[in-house]
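Trainee: Could you pick one kind of packing here and take me through it closely? I would also like to hear what surrounds it.

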Amino acid sequence: MTAQRLPTDWKSDAMRKRIARRYGAERRFKLAGLAAVALSAAFLAFLLFTMMGNGLRGFTRTEIALTVDFPASPLLLDPNAITDEALANANLPMVTGEVAKKALGGDADALLSPTAWISIRDAIKADPKILSRTETIRVPASTAIDLAAKSKGSPEAEAEVARLKQQGVLSTGINWNFLTASDGTDPTQVGIWGAFKGSLLTMLVTLLLSFPVGVATALYLEEYAPKAWWTDIIEVSINNLAAVPSIIFGLLGLSIFLNFLHLPRSAALIGGMTLALMTMPVIVIAGRNAIKAVPPSIRDAALGIGASPVQVVFQHVLPLALPGILTGTIIGMARALGETAPLLMIGMRAFIATPPGGITDPATVLPVQIFLWSDEVSKGFVEKTSAAIIVLLVFLLAMNGLAIYLRNKFETRW
Amino acid sequence: MTQEQTDLTIANPKMSARDVKVFYGPKQAIKGVSIDVDMDHVTAFIGPSGCGKSTFLRTLNRMNDTVASARVEGEITLDGENIYAPTMDVVQLRARVGMVFQKPNPFPKSIYENIAYGPRIHGLAAGKADMDVIVEKSLRRAGLWDEVKDRLNDSGTALSGGQQQRLCIGRAIAVEPEVILMDEPCSALDPIATAKIEELIHELRGRYGIVIVTHNMQQAARVSQRTAFFHLGELVEYGVTSDIFTNPRQERTKDYITGRYG
């Protein structure tokens, strides 16, 4: 005996409950998603806020207006024969100290940055005529004064700042030096340019090595390689390489590039080569996926009118896969830009006070510079570290922006 | 049954297949097909899905080479020359034996570029002016010129489905092939676009040898003069189109065209 099935009652209580449950589930899911987004946004805002709060101060410096009576100073310089050599022999640091003692009183050495004489030198160089008159020149203050003027310093420094403020010689200027100088021993003299250039050169080497090799590998594996046991092994190896901790690549670079090939230590070349090892698998994986996504009908079309396999690959498949490949490349490069550990292994953590002239010169990179400064004892380095982080983030944003621009430019609309 | 296929044997066929067998791995897809294709007639391949008609079509310009597991036995000649001989250049073969696919597949480039690509890679045009001539001639022959002459720089993918398929035919024509293979060229098109393609096939007949694979028996009857009926990898019957449809010799052909299976 079979029970008669009644027609479904779409208005029954059970039905209503089911519908209410379904809507409830959707609402809860939406809320959970929203909460996740809000949480990450809050973290990001917090990060940016603290970073900007600390870091933006790193781009400014406290300056002291120093009135220099050149004729009365112990400076012996002929205004008509100002050369770099003459300036170098004039013992400007000592003269600056004496002038400061007279003008500001107190312990002048503690007030001025060790680089204050450079401002005076530059002023003389710009206009030698000032040597015959009294001139007011803005020179950077010492770290202690800088800190006390910007936020909170030691009680002695605070007192000095109050005194200088009364004299009306304190002011705040943009620290161009931070953008043009390299690493140094005193926080008032350090700059980011050396590390920035090091990063630029390293990224260049990484890109030039990993992009062609990665794209060629992806193309070969997708378009030419036969399906065989050895291509499977290559595929598994590449996928595993992409997940290897970066410090292992550093050890690899150390043992092969430095100890075996004896390439120059601490150089952007080695850093770039090591990071290229790390970036290449990412490009290969992204590249293969992008190539796989090219519709087979396009290959058929090109083959069908007599394009050779190489023409099919380079004139049809590669252009269509390029946006995807570029996205993968940028992700890999962004990771390489932020990488510190492998570069420590190959000696890019050295103290380097001059920007590298080429890829074989000793260099450091932004993240390593941040790591080095964060280790410094002097309090003035705190804001410099944050400022360097801002520079790194801006670099990253610029790179990502470029990637998005390129991707949109090459993207094919169907 | 007396099979009088003597009237179909041509003295110098453009393309000729003799005892062609195609294997996908261990599976045999084509079981010894012999057929001649000539320039004066449109040849239609009909048969139910999976009967091997598309597979056989793709052996005629070696598009099956792209399938790693595919293996072809027997002999296929183009002007008496074996196309599977090592001396045959497959790139040149595909320029001489062009192909139009089931789904319109224009390149995601301009209309002009779609046509110009083939002549360019084969070095058929002497300069820009010559290329313009080739593009116009090809588009005219494909019956598309009047519709697109003012927007040659628009993307080929922005055209309607029927226009895209005619663009693909124009692209195949542009390299001056001797034979054009069409693999169900109308299956993705609406009836009006289909009518236009069929009209085009009529106009192209004689200038090019045309082989068309179709699911649609009325289409085969309309556009072709020779029809081959495939079933389970065999060539069951090959004859003059009107004979095949009005007076099939084989029981299986009769069953298929009367809609008994397929």
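**Helix packing and its surroundings**

Mentor: Happy to! Helices α3(B) and α6(B) cross in a right-handed sense; a crossing is called right-handed if the near helix is turned clockwise from the far one by less than a right angle, and left-handed if anticlockwise. The helices here (H or I, at least four residues) and strands (E, at least two) are DSSP runs, numbered from the N terminus. Before going on, note that this is a predicted model, where local features need pLDDT of at least 70 and side-chain atom pairs count only at pLDDT 80 or more, while totals for chains, interfaces and linings use all residues. Residues are numbered from 1 along each chain as its sequence is written, chains are lettered from A and ligands numbered from 1 in the order in which they are written, and side-chain values use heavy atoms, leaving out hydrogens and water.

Two packed helices are described by the angle between their axes and the distance between the axes. For α3 (residues 111-121) of chain B and α6(B), the axes come within 7 Å and cross at roughly 30° (axes are lines fitted to C-alpha atoms, for helices over the stretch in contact, with angles from 0 to 180 degrees between N-to-C directions). That makes the two roughly parallel, given that angles under 35 degrees count as roughly parallel, over 145 as roughly antiparallel, 65 to 115 as roughly perpendicular and the rest as oblique. On the α3(B) side, I111(B), N114(B), I115(B) and P119(B) meet L167(B), G170(B), R171(B) and A174(B) of α6(B), where contact means heavy atoms within 4.5 Å. By class, that makes five nonpolar, two polar and one charged residues (Ala, Val, Leu, Ile, Met, Phe, Trp, Tyr, Cys and Pro are nonpolar, Asp, Glu, Lys and Arg charged, and the others, Gly among them, polar).

Side chains of opposite charge can pair when their charged atoms come close. R96(B) and E178(B) form a salt bridge at 3.0 Å, N to O (a side-chain nitrogen of Lys or Arg within 4 Å of a carboxyl oxygen of Asp or Glu).

Now look at chain A for another example. The axes of α13 (residues 296-304) and α14 (residues 309-337) of chain A come within 10 Å and cross at roughly 160°, so α13(A) and α14(A) are roughly antiparallel. Their crossing is right-handed. In this contact, I298(A), R299(A), A302(A) and L303(A) of α13(A) meet V312(A), H316(A), V317(A) and L320(A) of α14(A), or six nonpolar, one polar and one charged residues by class.

Finally, the two chains themselves touch through 18 residues from chain A and 23 residues from chain B. About 1600 Å² is buried between them, 65% of it from carbon and sulfur atoms (accessible area, 1.4 Å probe, that two parts lose on being put together, summed over both). The count over all chains comes to 27 salt bridges, yet the interface of chain A and chain B has zero.
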